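User: I am new to this structure and would like a short tour. Could you take me through it?

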Amino acid sequence: MADLKEWLLPASTINVVREPAANRPPFQGMDLLGLKKRGQGLRSWIRVDTSGNSQVIEVDKFTMMRRCDLPARDLRLLDPLFVYPSTILGREKAIVVNLEQIRCIITADEVLLLNSLDSYVLHYVMELQRRLRTTTVGEVWQSDNSEMTRRKGSRNFDNVFVNTSPDYLPFEFRALEVALESACTFLDSQASELEIEAYPLLDELTSKISTLNLERVRRLKSRLVALTRRVQKVRDEIEQLMDDDSDMAEVYLSKKKRRMESPISGEQSLMGYRSTDVASISAPVSPVSSPPDGLRLEKSLSIARSRHESMRSTESTTENIEVLEMLLEAYFVVIDSTLNKLTSLKEYIDDTEDFINIQLDNVRNQLIQFELLLTTATFVVAIFGVVAGIFGMNFDIPLFDVPSAFQWVLIVTGVCGVFIFCAFVWFFKCRRLMPL
């Protein structure tokens, strides 16, 4: 794992940014190390930019809050010391992603992850770098191709709208896609491992009910419930983001960044336009020209141009929302398939439990039937005890002088006992208490 991290973050690209010592207040009599451990110290982050370059930076919590314009409660979602459910939050300048092992902040220019040796985090960084570098190469090739087409004077509109292809998604969409893919892959692999372990164990339990097998199934069901809850939370987050167009628009950070930068250029152009107007006003006007008509035409063209720009902006926003919705829908299908897999496994466990309960009920019924027969037989044997008690009394009767009296008493008592036993069995059969 250390070799993988060294290959991922070579020493030449590691830039460590530390908090200046002059900004730290020299408190006396306080444990500053204890305060830092409580969340205000430096933390190591992995930064990946739009070109796929990665570096390690060390910043404190407040610097990160100012850098990404995030409140403290959003950064708590990324704290590894706390356990929070999966969340995707769209903010003004960043996207806070907490999907299983992937906890990161996505902006329009960079991705910030807590530095960790977890294999899924390193795999996320490697996959994001690979896709960003591949996309960069594709964009260079496409720009060269479009330049050649332009020189040839071609009017191919596909080159004009090349950025609308799914291969050229905005940076934040690509980073979010890799995070969703990593989370879905991680959860699906855990569900597959649980399936491989569960089905043989459940089959063994149906063939042999033992305390050890029951305990193993109980632990398996606990893991299944916890994993189902996590998968359900990821599914709900994706579904909630898909159902709200405003939330998807908030996630489109590149559009918001361009919108924040556009008023500056608009004001500059407006100032230039006003200066031109002032210059035109101060210049002498020919009586032949008609300024009112020119101004009216310029105003009409400006209104038409603004309407056209607003329509293009609306169409672009709708198109990007549809692209994001298609992206989320693809991973929603994947996570829903994982949830269905876990639901099927839970149903199989419930069916196994029902089958075991039926078996136990059957054994319990057999024990009750055996106990009923044993009680009836005990009652028949008790008849012999009654007869022996009667003839064991100390008095003389003529029957004692008959030589075959003892045999006849045994025969009559036995016949009566057998008759009583058969009568009880017939009664149980009529009452359907015993399947005889």
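Predicted model: local features only at pLDDT ≥ 70, side-chain atom pairs only at ≥ 80, totals over all residues.

User: Where does methionine 64 lie?

Analyst: Methionine 64 is part of helix α3, which covers residues 61–68.

User: Is methionine 64 buried or exposed?

Analyst: Methionine 64 counts as buried because its relative accessibility is 1%, and the cut-off for buried is under 20%.

User: What is methionine 64 in contact with, leaving aside neighbours within four places in sequence?

Analyst: Its contacts are Trp45, Val59, Asp69, Leu75, Ile105 and Leu112.

User: Turning to the cores, how many residues has the largest nonpolar core?

Analyst: That core has 60 residues, and Leu328 is one of those with the most contacts inside it. Helix α7 (residues 171–207) gives the most to this core, namely 17 residues. There is also a second, separate core of 15 residues, with Leu75 and Leu112 among them.

User: And how many salt bridges are there?

Analyst: The whole structure has 20 salt bridges. In one of them, arginine 47 pairs with glutamate 110, with the closest N and O atoms 2.3 Å apart. This pair links distant parts of the chain, strand β1 and strand β6. Both arginine 47 and glutamate 110 are buried.

User: Which residue forms a salt bridge with glutamate 215?

Analyst: Arginine 219 does, at 3.3 Å between the closest N and O atoms. Both residues lie in helix α8, about one turn of the helix apart. Glutamate 215 is partly exposed at 28% relative accessible area, whereas arginine 219 is exposed at 53%.

Note on methods. Residues numbered from 1 in each chain as written. Heavy atoms only, no water. Helix = DSSP H or I, 4+ residues; strand = E, 2+ residues; numbered from the N terminus. Buried < 20%, exposed > 50% of the residue type's maximum accessible area, 1.4 Å probe, protein only. Contact = heavy atoms within 4.5 Å. Core = buried A, V, L, I, M, F, W, Y, C linked by side-chain atoms within 4.5 Å. Salt bridge = Lys/Arg side-chain N within 4 Å of Asp/Glu carboxyl O.
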